[in-house]
Every structure is written in structure tokens, then in C-alpha cells.
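This report describes a single protein chain with a ligand. The model and its sequence are shown first.

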Amino acid sequence: MRTLFGENILSPSPRPAPPSKTNPFELSFQSSVGASSLSSSSTSSPRQNDWLTQHIQNQQRLSAEAANNHSTSNVSSRKSHARRKGNPKLLFMGMRRSGKSSIQKVIFEKFSPAETLYLDPTTRIEPATMESFIKFESAELPYNLPFTAPDFDRDAIFASTGAIIWVLDMQDEYYHSITKLIETAVFVLENYPRINFEVFIHKTDGLSEEYKYDTFRDVRQRVADELADHGHADGGGIAFYQTSIFDHSVYEAMSKVIQKLLPQLPAMESLLNKLCSACRIQKAYLFDTISKIYLATDASPTFLKDYEVCSDYVDVIVDIKQIYGWQTRGQDGVLVTDSSRESGAPGESLITYDKSGNTYIYAREINDYLSLICVMGQGSTADKRVLIDYNVSILNDALQQVFKL
Ligand SMILES: Nc1nc2c(ncn2[C@@H]2O[C@H](COP(=O)(O)OP(=O)(O)OP(=O)(O)O)[C@@H](O)[C@H]2O)c(=O)[nH]1
């Protein structure tokens, strides 16, 4: 693989094209809902972005209200995920030695998988936070904590939790874990229906594809059957993921868990979809650079290979940043505009992806903690870079609008 790092890795941000010129790569936010309001201007993308942002936020607000009413009236048939304001809060649960601490250490504290071999057992609730683009908060519940007891202060633990991640060790005897999982899931569904319940079927490394598939299906089936017996015929909205700290699967699963908690997700996805169709991007990911969690991607099918390449590229970016230093952040929690940065300009780079050089990875730093990584498709060659940069800068502006509010 040949890296095309040039002097432009830290080049100044591209100048937007003059608004009077028609730009074939410009984001055009055509929508059936707002077609009439957009038809008057075909080139004013920043204004269209404002409109889109507002429109999406209104939609989000309405659907959040609807979901709220729905979940209070009918606990077992919740459909939408509980997106809430504030930081995503994750609670790790599961049997002893299932890998709860390891997942947190690898993702949030950047331990290498081998360093997790001899972690001390967790005996008390250990909250941890990671400051990145968003502040991730996680905690691990010791296996034997009697949280269902009536005198236990459950609200202190569960009231602010966004998602519970049940870690199930696939390489161990897992029937007891399933029993505990069901107990916990029923308790959560009945007492805290707005918490997302996620199951990591963990330690998939070193197992045959056939065994992984059979075990995954077996666990899902058992959980669905047991929950149906407890009156949750729809499976309680529980999601299952195969994970291992030795590959990218744990990052991908964690990304999906986090995304469900982000109120800005629909807006980000919509913006990425528009960018992809305007710039012929095969796949676009918005990565939280430090944690390698992607906060959003476009609607095109996700291939693990694309994700792996983009994720590895984020590693490269982090390594380069470690060498040259991280730039300071403007204001807490708010995206910093290129012009308002105290020092330097956003980093950007290209890297060839296949031998022909037609497919390449485009990386653009949105701010110090957020990166846009795109797999560029055929027809979006590197010589159209200025136009692509221009569209990405529009996306950048729109993202700032989304996260300011
Ligand atoms: N093969 C494999 N081993 C893993 C994986 N994740 C964790 N482990 C190992 O599993 C063992 C237990 O991991 P921990 O993270 O300490 O498990 P825990 O659930 O936090 O354990 P307690 O705190 O005692 O409840 C360690 O030796 C890890 O290296 C994985 O994905 N694959």
C-alpha cells in the first residue's frame, strides 16, 4: 500500500468556491418535504444545510416525544432506541472473567489486548470516563452485586444509564450466563424500559466460523424464547453482537451501541448520505478519532473490509498526531471552526486503497477529535479534490450547526 502523504497533510483548509459558480459536486439537499423552499436556490448549500439541520431536529424532537409517550404506555413493545441528551453512559455486566474490564481497557484506555491477560477482578462499581469528542462514561457492575434487592439504591446505577452491555463469554460454559442475562433483562425491561439492552457474545477469536454461527444463533434463540415466556414476545429489543478484543469487531459493536444513544445520529447520517451521493463516495465514516468509534456512517451497505481499512487509517492519524502533538480545543463540547482554531489547520490526507489507484481513502479532520474517513469510489478521482474538499467543508459547517444546538 503506497501512502500519498504530501505536504498537504497539514495543508490549509480549502477555500470555498465562489457562490455564484455552479458546482457539480455541491451538496444538493432535495427533499420531498422541502422541495418548494429549496427550488428557489440551487447553489446556496450552507443555507440548505441550515434548513436541513432544523428540519431534522424538528423531526427528531417529534419522534422523541412520540417514543416517550409510547414507552410509558407500553413497556414491552418499545421500538425506538432511547436517545437522550448528555453523554452516552454504558454499564457493563456479565459473569466473572467474561471480559468486561478488557473491553473497556482496550477501547477507552488504549490497552493492547495482550495487556488484559492479568487484570484484577472487579469487586466494586468502577466508573470510568473518556474525554474525546463526546465524553464516554462507562461503569462495570461486579457479578455478584444484588441490584434487584428492594433495599438496593438501583436508581443511582440505572437511572442515568443509556445502555447495558451484557458480556457473554463464548469460550466458556454459557448457560448460567444466559439465565442471569434473562433475569437482568426482565428487571431492566420492567423497571427501566428506556435503557437499551445489548449483548456482546464475546471472545469469538480462534473459533471456527461454523461454531461461532451456531453459538450465536443458539444464544439468540434461547434468550428470545425465555423472554417470550416472561411476556416479552418481541425479544425486548435486545441486540446481539459477536465481539473480540483481538480484532475490529468490538469497535464496530461499540460504535453501534453508542450510535443508538446519540440524538444527533439521524442528522449526521442524512448529511453523510448527501455527501456520498454528491461526491461519489463509496462509504463514509465519521470517527471519534481517539476511541476509533464511528459516530455515524452513510446508508450504503457496510463491509467489514472497508471498516477495517478506515479504522486502521484512524490509527495512522492518531500515531501521526502523537508525534506532532494534539492541537488544543476551542470550547468544551463544541466543534471548532477552521478559522477559529488557535493554531494550525485541519489535517487531511489521501491514501491509495487498490493497485490501480482508482479507489482511495480520503481523510479529513473535522476537529481535533472527529475525523471524516471516506472510501472514494470510481469516478471521484483525486484530481477532483478541490470540489470534494469544498463539499466536505460544507458538511463540516452543518455538523457544527448540529452539535451547537
Ligand atoms: N480470547 C479472548 N480473551 C479475552 C477477550 N476479552 C478478554 N479476554 C480475557 O479474558 C480474561 C478476563 O477478562 P476481564 O476483562 O478481567 O474479565 P472481567 O469480566 O472484567 O472479570 P471480573 O472483573 O473478574 O468480573 C482476561 O484474561 C482477558 O485477557 C477476547 O476477546 N478474547
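**Overall fold**

The model is predicted. The chain is built from 10 helices and 11 strands. Of its 405 residues, 37% count as buried. Taking contacts between residues at least 6 apart in sequence, 70% join residues at least 24 apart.

**Domains and their contact**

The domain assignment of the chain gives two entries: domain 1, made of 7-18 + 46-61 + 264-404, and domain 2, covering 84-259. Where they touch, 14 residues come from domain 1 and 14 residues from domain 2. On the domain 1 side, strand E8 (293-297) and helix H9 (304-324) are the elements that give two or more residues. E8 gives the most to this side, with 4 residues. By class, the domain 1 side that touches domain 2 holds 9 nonpolar, 2 polar and 3 charged residues.

**Ligand shell**

The ligand is surrounded by 20 residues, and the closest are Gly99, Ser101, Ser102, Pro121 and Thr122. Helix H3 (residues 100-108) supplies the largest share of this shell, 3 residues. The shell divides into 6 nonpolar, 9 polar and 5 charged residues.

| Helix | Residues | Number of residues | Span, first to last C-alpha | Expected span at 1.5 Å a residue |
|---|---|---|---|---|
| H5 | 175-191 | 17 residues | 24 Å | 24 Å |
| H10 | 385-404 | 20 residues | 28 Å | 28 Å |

Which residues of H5 are buried? They are Ser177, Leu181, Ala185, Val188 and Leu189. These residues lie on the same side of H5, because they cover an arc of only 95° around the axis. An α-helix has 3.6 residues a turn, so residues three or four places apart point the same way. The cover over the buried residues of H5 includes strand E1 (89-94), strand E4 (163-169), strand E5 (196-202) and helix H6 (209-229). On the face of H5 turned away from the buried side are the exposed residues Tyr175, His176 and Thr179.

In H10, the buried residues include the run Ile388, Asp389, Tyr390, Asn391, Val392, Ser393, Ile394, Leu395 and Asn396. Ala398, Leu399 and Val402 of H10 are buried too.

Valine 392 is part of helix H10. Valine 392 counts as buried because it has 25 C-beta neighbours inside 10 Å. Leaving aside residues up to four places away in sequence, valine 392 touches Arg364 and Leu372. Valine 392 and leucine 372 are 20 residues apart in sequence, and their C-alpha atoms are 8.7 Å apart in space.

Most residues other than glycine have a negative phi. What is the phi of lysine 203? Lysine 203, although not a glycine, has a positive phi of about 65°. Lysine 203 sits in the loop between E5 and H6. With 21 C-beta neighbours inside 10 Å, lysine 203 counts as buried.

Lysine 292 also has a positive phi of about 65° and is not a glycine. Lysine 292 is located in the loop between strand E7 (281-288) and E8. Is lysine 292 buried or exposed? Lysine 292 is buried, because 22 other C-beta atoms lie within 10 Å, and the cut-off for a buried residue is 20 or more.

How values were computed:
Residues are numbered from 1 along each chain as its sequence is written. This is a predicted model: local features need pLDDT of at least 70, side-chain atom pairs count only at pLDDT 80 or more; totals for chains, interfaces and linings use all residues. A residue is near a molecule or strand if its C-beta atom, placed from the backbone, lies within 6 Å of it. Ala, Val, Leu, Ile, Met, Phe, Trp, Tyr, Cys and Pro count as nonpolar, Asp, Glu, Lys and Arg as charged, and the others, Gly among them, as polar. The expected span of a helix is 1.5 Å times one less than its number of residues. A residue is buried if 20 or more other C-beta atoms lie within 10 Å of its own, exposed if 12 or fewer, and partly exposed in between; C-beta atoms are placed from the backbone. The arc is that of the directions from the helix axis to the C-beta atoms. Two residues are in contact if their C-beta atoms, placed from the backbone, lie within 7 Å. Domain bounds come from an automatic or database domain assignment.
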